[in-house]
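Trainee: Could we go through this one together? I'd like to learn what the labels rest on.

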Amino acid sequence: MGTTQSGDPTVERGCTVEYWRNTLPSVPSRLLPAVIKAMRRNRNYLDPATARAHLKEVSLRPRTYGPPARLRRDVTVTLDRSGQWPIYTIVPAAGEPHGNTVYVHGGGWVNEIVSQHWHLASQIAAEAQTTVTVPIYPLVPFGTAGEVVPAIAELVRANHDLYGTVRMAGDSAGGQIALSAAIALRDEHALLLPRTVLISGALDLSLSNPEIDLVQPTDPWLAREGTRVFIDHWRRDLALDHPWVSPLAADLHGLGPLTVFIGTRDIIYPDTGLLVEKAMAAGVDVDYHEGDGLLHVYPLTPTPEGRAARGVIVDRLRAPRSVRPGQ
């Protein structure tokens with residue numbers, strides 16, 4: 001469906017649905033599950049004991065979070081340590097950037113930002129000609145939803161004053177934070193974002209959807225039991241249905257447009273379908289990209305489908321050149 005304009009010229013309107021259906025996943029996408037299994041990437045999510053051991057390990061020996069040395073050369077990265085967290089800013093090396101995107105990385109609320117996140121953030125900056133803000137938020141067991149979500153919302157609000165318009169994007173746990181922050185911005189700051197991009201965003205941290213049981217055998221990456229350990233630390237004293245924990249539980253009326261990516265071999269897939277239905281029923285414009293046979297956070301993967309998805313993400317996060325701070 002095409003787009004129509006609302007009263008705010010920076011808010012895109014319309015509803016589209018795109019499926020990677022009727023097309024066999026590419027060879028790299030078909031090989032990726034075996035690679036993930038061989039690397040045992042799911043080991044920290046399989047059972048509570050392993051999850052607790054991983055939590056102890058990263059607490060004692062925190063991982064590095066800085067950008068990789070070989071980031072693309074057409075961006076410039078700066079670091080601000082003056083606030084409560086390190087905040088990185090990525091800008092295109094040439095040309096004038098327009099607007100801002102706050103990118104919230106995933107990692108199960110326990111794992112630090114990694115190179116795939118940095119490469120996507122720098123691609124957004126360079127190809128969308130925009131400024132990208134990457135907050136290094138505290139992870140569990142130190143960081144909590146009650147602390148991080150409102151702080152991300154405040155960062156977005158401040159960037160709105162600075163850059164004129166702000167979009168948000170996040171993957172996995174970062175998608176949960178991004179959508180929860182968008183809800184907080186609507187409720188507490190009356191700020192409507194022109195676009196929020198969710199890449200396999202976690203939506204209902206109760207993990208109670210019975211259809212998860214149908215998807216779990218096909219998902220080589222995520223699992224319920226270990227993930228619940230991280231969730232309990234993340235939510236701390238907040239209820240599982242609090243919007244800062246499970247954005248799917250929130251009233252979605254009045255949110256800005258969403259772009260949503262999900263693979264069908266992802267235990268988040270059933271809740272994503274519920275989000276799309278609920279958002280559209282609430283009048284929210286949804287740009288939905290479902291990858292049949294694809295994995296968790298497939299837009300971050302080195303596959304043809306991942307590259308195509310990253311191109312869409314760049315397009316959706318491109319700010320109008322007419323927008324200036326203060327408008």
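**What the labels rest on**

Trainee: Why is Ser 26 called buried?

Mentor: Its relative accessibility is 14%, and buried means under 20% relative accessible area, with exposed over 50% and partly exposed in between (1.4 Å probe, protein chains only). So Ser 26 counts as buried. Keep in mind that this is a predicted model, where local features need pLDDT of at least 70, side-chain atom pairs count only at pLDDT 80 or more, and totals for chains, interfaces and linings use all residues. Residues are numbered from 1 along each chain as its sequence is written, and side-chain values use heavy atoms, leaving out hydrogens and water.

Trainee: Where is Ser 26 found, and what is it in contact with?

Mentor: Look in the loop between strand E1 (16-19) and helix H1 (27-38). Helices (H or I, at least four residues) and strands (E, at least two) are DSSP runs, numbered from the N terminus. Contact means heavy atoms within 4.5 Å. Leaving aside neighbours within four places in sequence, Ser 26 touches Thr 303, Pro 304 and Glu 305.

Trainee: What makes strand E4 largely enclosed?

Mentor: Five of the five residues of E4 (residues 100-104) are buried, so the rest of the structure largely encloses the strand. Asn 100, Val 102 and Val 104 point one way, Thr 101 and Tyr 103 the other, and all are buried.

Trainee: How do you know that E4 and strand E5 pair?

Mentor: Two strands pair if DSSP finds at least two bridges between them. E4 and E5 (residues 131-135) have three, in the parallel sense. One detail: Val 102 has Thr 133 in E5 as its bridge partner. Between the two strands the chain passes through helix H4 (residues 115-128), and this β-α-β crossover is right-handed. That word applies if, with the strands pointing away from the viewer, the path from the first strand over the helix to the second runs clockwise.

Trainee: And how many bridges join E4 to strand E6?

Mentor: Five bridges join E4 to E6 (residues 166-171), and they run parallel. Thr 101 stands opposite Arg 167 in E6.

Trainee: Why are helices H5 and H6 called roughly perpendicular?

Mentor: H5 (residues 145-163) and H6 (residues 173-189) pack at about 65°, with axes 8 Å apart. Axes are lines fitted to C-alpha atoms, for helices over the stretch in contact, and angles run from 0 to 180 degrees between N-to-C directions. Under 35 degrees counts as roughly parallel, over 145 as roughly antiparallel, 65 to 115 as roughly perpendicular and the rest as oblique. H5 and H6 are therefore roughly perpendicular to each other.

Trainee: What makes H4 and helix H10 oblique, then?

Mentor: Their axes come within 9 Å and cross at roughly 55°, H10 being residues 304-316. H4 and H10 are therefore oblique to each other. Among the residues that meet there are Leu 120 and Ile 124 in H4 and Ile 313 in H10.

Trainee: How about helices H3 and H8: which label do they get?

Mentor: H3 (residues 48-60) and H8 pack at about 45°, with axes 7 Å apart. That makes H3 oblique to H8.

Trainee: Val 229 is in H8 (residues 224-235). Is Val 229 buried or exposed?

Mentor: Its relative accessible area is 10%, so Val 229 is buried. Leaving aside neighbours within four places in sequence, Val 229 is in contact with Pro 48, Ala 51 and Arg 52.
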